[in-house]
Amino acid sequence: AQQAVVSSESRYRRLTESAQDAIYLADEQGRIVDVNEAACQVLGGSLEDITQLNVWDIDINYSEEGFKEFWTSSDSSGARLVESVHRRLDGSTFPVEISAFKLVEDGNQYFYGLARDITERLADQEEIRQSRERLNLVIDNMPVLIHAHDEEGNYVHEGRWQLMING
């Protein structure tokens, strides 16, 4: 039985240390009690540095009171997915998507959070939005009748000239 526990702990540690996403373990007071290497790298500190922090020191969208509200409103039935912003130890910030859930270990409750840096995803989404905006500008200013529709036949865009003719 002891060998099974040691094997399980070793497997858990390998999984968390090899993860590309930052992994945080916080207690019910909001203190960071453990992190993986990815969290150390993205925040720019050591395990010792980060375990001196609270959730609201890292996540700029949470105060101590906000964390306590999040804690009490969360149950242990599943993960919650939220977008937020994290602060590195140097003070710079970056957007994250966090999957967090409660777990119980040795009678204590913890939040286990996986945080993914979504800087590139948000930049890609902004680029797509700007491309659509430019395309709509071109369509709107073409002196021809243009309209676009989706797979169900619903109009999703009509050029300015089409609108002027159709009213």
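Me: What gives the most to the lining of the largest cavity?

Reply: First, this is a predicted model, where local features need pLDDT of at least 70, side-chain atom pairs count only at pLDDT 80 or more, and totals for chains, interfaces and linings use all residues. On a 1 Å grid over the protein atoms alone, a cavity is a set of points where a 1.4 Å probe fits but cannot get out, and lining residues have an atom within 4 Å of a point; helices (H or I, at least four residues) and strands (E, at least two) are DSSP runs numbered from the N terminus. With four residues in that lining, the top giver is S5.

Me: How much space lies in the largest cavity?

Reply: Searching the whole structure turns up two cavities of 30 Å³ or more. A volume is the space filled by probe spheres set on grid points, which are joined across faces, edges and corners. For the largest cavity that comes to about 270 Å³.

Me: How many nonpolar residues does its lining have, by class?

Reply: Of the 18 lining residues, Val55, Asp59, Ile98, Ala100 and Gly113 are closest to the centre. Ala, Val, Leu, Ile, Met, Phe, Trp, Tyr, Cys and Pro count as nonpolar, Asp, Glu, Lys and Arg as charged, and the others, Gly among them, as polar. The lining has one charged residue, two polar ones and, for nonpolar, 15.

Me: In what order do the five strands sit in the open sheet?

Reply: Strands pair if DSSP finds at least two bridges between them, and here the pairing is antiparallel. S1 and S5, for instance, pair over six bridges. The edge strands, S2 (32-35) and S3, each pair on one side only. Put together, the order is S2-S1-S5-S4-S3.

Me: What angle does the direction of H5 make with that of S5?

Reply: H5 packs on the sheet and touches S1, S3, S4 and S5, where contact means heavy atoms within 4.5 Å. Axes are lines fitted to C-alpha atoms, for helices over the stretch in contact, and angles run from 0 to 180 degrees between N-to-C directions.

Me: Which element gives the most to the lining of the largest pocket?

Reply: A pocket is an open set of points with protein on both sides within 12 Å along at least five of seven lines. The largest one has 16 lining residues, with Gln20, Asp21, Ala22, Ala38 and Val42 nearest its centre. Four of the lining residues come from the top giver, H2.

Notes
Residues numbered from 1 in each chain as written. Heavy atoms only, no water.
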